[in-house]
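Hi everyone, thanks for making time this morning. I'd like to walk you through one model, so let me put it up on the screen.

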Amino acid sequence: MRIAIAGATGCVGSRLIPRLLDAGHTVTALVRDASAPRSESLVSAPGVRVVEGDLLTPAGVDECCCDADIGVYLVHSLGSGSNYADRDCQAATAFARAASTASINRVVYLGGLGDVDGDGDDHLHSRRAVESVLGADRYDYQLTTVRAGVVIGSNSLSFQLMRQCAARVPVAPVPPAINTPCQPIAVRDVVQYLTAIINTKTTAEVIEVGAPNARPYADLLRVVANALQTRFSVHIIPRMPLPAAALGLAAVTDVPYQTVSPLVESLSTPAVVSDPKPAIALGVDPIRFETAVDEVLRPTETSMMPNARS
């Protein structure tokens with residue numbers, strides 16, 4: 001099949017493309033700059049057509065989707081500023097229109113895991129808003145949304161934060177939300193789920209994915225610290241506001257506050273699989289969080305763009 005991918009150079013996209021090529025598919029990748037280091041491997045890869053464009057313009061989007069059977073949407077605007085939610089919806093609208101115009105049969109979207117009934121988690125609300133944009137009734141294709149929480153990969157932004165925090169801070173003052181349960185997932189498992197969806201004719205509209213067990217965010221940090229063999233502990237500060245925690249995390253990591261803040265805000269929202277049946281039906285056996293961390297720190301994973309970030 002012919003696959004159009006937005007977000008091809010990111011943490012997930014750069015690993016998904018080799019799997020799709022191995023399965024006999026052809027790929028059209030939308031990139032902002034074909035001459036950039038992140039795009040070099042794509043440009044030279046057999047079976048990949050690179051289209052320069054920008055979802056916010058939206059130059060190149062129609063060309064990317066033209067003649068494709070399936071569209072894969074892996075884009076988010078986190079880190080682009082306080083208006084990232086508006087940018088997310090604008091970009092998703094451009095892709096949805098292009099996919100519908102090109103008569104694409106299905107769009108697969110990688111969204112966020114968690115309940116959005118409450119207020120305060122703008123990051124997750126933005127992911128759901130994109131899901132609504134892509135799934136609007138006026139578009140003719142079928143939308144399949146894969147909802148994932150923290151993705152564990154060598155160039156995953158969330159894992160970068162955990163790794164740097166565990167390595168640099170012996171005792172981390174944290175808000176009570178650090179004990180919120182979550183189900184992280186290895187990037188290789190996300191890729192396997194996406195590949196299985198593309199290769200099958202699943203009718204599921206929403207597929208929630210995660211590691212076998214839910215655990216508090218604090219446990220994730222302890223596992224990473226143990227794997228790094230660093231001295232690390234958390235000290236819970238009652239009533240500590242999440243913005244203060246974000247400021248502290250930005251101060252001890254290489255990630256700017258405007259990017260850290262929405263992720264820390266998400267700590268208050270449980271990111272747990274509520275219905276595992278659609279994911280189980282795809283036949284993927286997700287690995288434990290400890291195994292995912294070990295694989296990142298002792299890498300054997302294949303990526304077309306090893307420095308890609310998401």
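This is a predicted model: local features need pLDDT of at least 70, side-chain atom pairs count only at pLDDT 80 or more; totals for chains, interfaces and linings use all residues.

Across the whole structure, the search turns up three aromatic pairs. Another pair is Tyr73 with Phe95, where the ring centres are 5.2 Å apart and the planes sit at 50 degrees, so this one counts as tilted. Tyr73 is buried, at a relative accessible area of 1%, and Phe95 is buried with a value of 1%.

Thr93 is buried, with a relative accessible area of 17%; the cut-off for buried is under 20%. Beyond its neighbours within four places in sequence, Thr93 contacts Val133 and Tyr139, and that brings us back to one of the tyrosines we opened with.

Now, the loop between β4 and α4. Setting aside residues up to four places away in sequence, Leu78 touches Tyr84, His123, Leu157, Thr259, Pro262 and Leu263. Its C-alpha atom is 8.5 Å from that of Asp88, 10 residues along the chain. Ser82 has its place in the loop between β4 and α4 as well, but Ser82 is exposed, at 78% relative accessibility. Ser82 and Pro262 are 180 residues apart in sequence, yet 9.4 Å separates them in space, C-alpha to C-alpha.

Which residues touch the most other members of the largest nonpolar core? That core has 46 residues, and the answer is Ile152, Phe159, Met162, Tyr217, Val260 and Val264. Several elements give two or more residues to this core: α6 (157-168), β8 (171-174), α8 (217-228), α9 (242-252), α10 (257-265) and α12 (289-297). The largest share, seven residues, comes from α8. Apart from this core there is another, of 37 residues, including Ala8, Val187, Val190 and Leu282.

Take Tyr217 as an example. Leaving out residues up to four places away in sequence, its contacts include Val150, Ala177, Ile178, Pro181, Cys182 and Leu267.

Last stop: how α6 and α8 pack. Two packed helices are described by the angle between their axes and the distance between the axes. For α6 and α8, the axes come within 9 Å and cross at roughly 65 degrees, and the crossing is right-handed. From α6, Phe159, Met162, Arg163, Cys165, Ala166 and Ala167 meet Leu220, Leu221, Val224, Ala225 and Leu228 of α8. By class, that contact has 10 nonpolar, no polar and one charged residues.

Definitions and conventions: Residues are numbered from 1 along each chain as its sequence is written. Side-chain values use heavy atoms; hydrogens and water are left out. A nonpolar core is a set of buried Ala, Val, Leu, Ile, Met, Phe, Trp, Tyr and Cys residues joined through side-chain atoms within 4.5 Å. Buried means under 20% relative accessible area, exposed over 50%, partly exposed in between (1.4 Å probe, protein chains only). Helices (H or I, at least four residues) and strands (E, at least two) are DSSP runs, numbered from the N terminus. Contact means heavy atoms within 4.5 Å. Axes are lines fitted to C-alpha atoms, for helices over the stretch in contact, and angles run from 0 to 180 degrees between N-to-C directions. A crossing is left-handed if the near helix is turned anticlockwise from the far one by less than a right angle, and right-handed if clockwise. Ala, Val, Leu, Ile, Met, Phe, Trp, Tyr, Cys and Pro count as nonpolar, Asp, Glu, Lys and Arg as charged, and the others, Gly among them, as polar. Rings of Phe, Tyr and Trp (its six-membered ring) pair if their centres lie within 6.5 Å; planes under 30 degrees apart count as stacked, over 60 as edge-to-face and the rest as tilted.
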